[in-house]
Amino acid sequence: LDRAALTLAGMAGRLTGLAEPAVQEAAAADRSLRDLADRVASVERALRLAPAEARTPLADTHRTLVAQLESGVSAYERLVVAAAGYVAEDARPSTEHPAASRLTEATDLLHGVASALAELRAVGDPLRTPTR
């Protein structure tokens, strides 16, 4: 849950518009799942102290709570993956990214200048008269 929550928090600023309700739902689910995790931990601690006759029903309850927690965390993780898909699609331009386009243009310009300088060097200095 912690890893998924941190991952979602890193994307939260990009989850706007249609994604905002999902972020709000994730926040509510996070609180609920953390409460459930605290309950599971409390029951685990109590199991160590319970007399033999109380262990079986308490262990059954513990298994049910753990199953609910695992199911909830899995659902939360699926929401985080869906959020990442939203962020990725929202950022994907229909054409080449403008920064890449500008870098390609700058690279071509530098290659052109380097080529021109090499040609000038090969021709020599036409203003200089040969000396004997």
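## The core

A nonpolar core is a set of buried Ala, Val, Leu, Ile, Met, Phe, Trp, Tyr and Cys residues joined through side-chain atoms within 4.5 Å. Here "buried" means under 20% relative accessible area, "exposed" means over 50%, and "partly exposed" is in between (1.4 Å probe, protein chains only). This is a predicted model, where local features need pLDDT of at least 70 and side-chain atom pairs count only at pLDDT 80 or more, while totals for chains, interfaces and linings use all residues. Residues are numbered from 1 along each chain as its sequence is written, and side-chain values use heavy atoms, with hydrogens and water left out.

So which residues touch the most other members of the largest nonpolar core? They are Leu8, Met11, Leu15, Leu69, Tyr76 and Val80, out of 18 residues in that core. Two or more residues each come from α1 (2-11), α2 (20-49) and α3 (52-91). The top contributor is α3, with seven residues. In soluble globular proteins, nonpolar side chains tend to be buried together.

## The overall build

Now zoom out to the whole chain. There are four helices and zero strands, and the order from the N terminus on is α-α-α-α. Helices (H or I, at least four residues) and strands (E, at least two) are DSSP runs, numbered from the N terminus. The chain is more spread out than a compact globule, because its radius of gyration is 32 Å, well over the 14 Å that the globule rule gives for 132 residues. That radius is taken over C-alpha atoms, and the rule is 2.2 Å times the number of residues to the power 0.38. Along the principal axes, the C-alpha atoms fill a box of roughly 115 × 35 × 15 Å.

How much of the chain counts as buried? The figure is 18% of the 132 residues. The chain exposes about 10100 Å², with carbon and sulfur atoms supplying 59% of it; areas like this come from the Shrake-Rupley method with a 1.4 Å probe, and for residues only the protein chains shown count as cover. As for contacts (heavy atoms within 4.5 Å), take those between residues at least 6 apart in sequence: 74% of them join residues at least 24 apart.

## Tyr76 and Asp30

Back to Tyr76, one of the core residues with the most contacts to other members. Not counting residues up to four places away in sequence, Tyr76 touches Leu1, Ala4, Ala5, Leu8, Ala26, Ala29, Asp30 and Leu33.

Asp30 sits in helix α2. Is Asp30 buried or exposed? Asp30 counts as buried, because its relative accessibility is 14%. If you leave aside neighbours within four places in sequence, Asp30 is in contact with Leu1, Ala5 and Tyr76.

His62 is part of helix α3. With a relative accessible area of 14%, His62 is buried too. Its contacts, leaving aside neighbours within four places in sequence, are Val40, Val43, Glu44 and Leu47.

Next, the glycines. Gly72 lies in helix α3 and is buried, with a relative accessible area of 17%. Gly72 and Leu49 are 23 residues apart along the chain, and their C-alpha atoms are separated by 28 Å. Gly13, found in the loop between α1 and α2, counts as exposed at 67% relative accessibility. Gly13 and Val87 are 74 residues apart in sequence, yet 9.9 Å apart in space, C-alpha to C-alpha.
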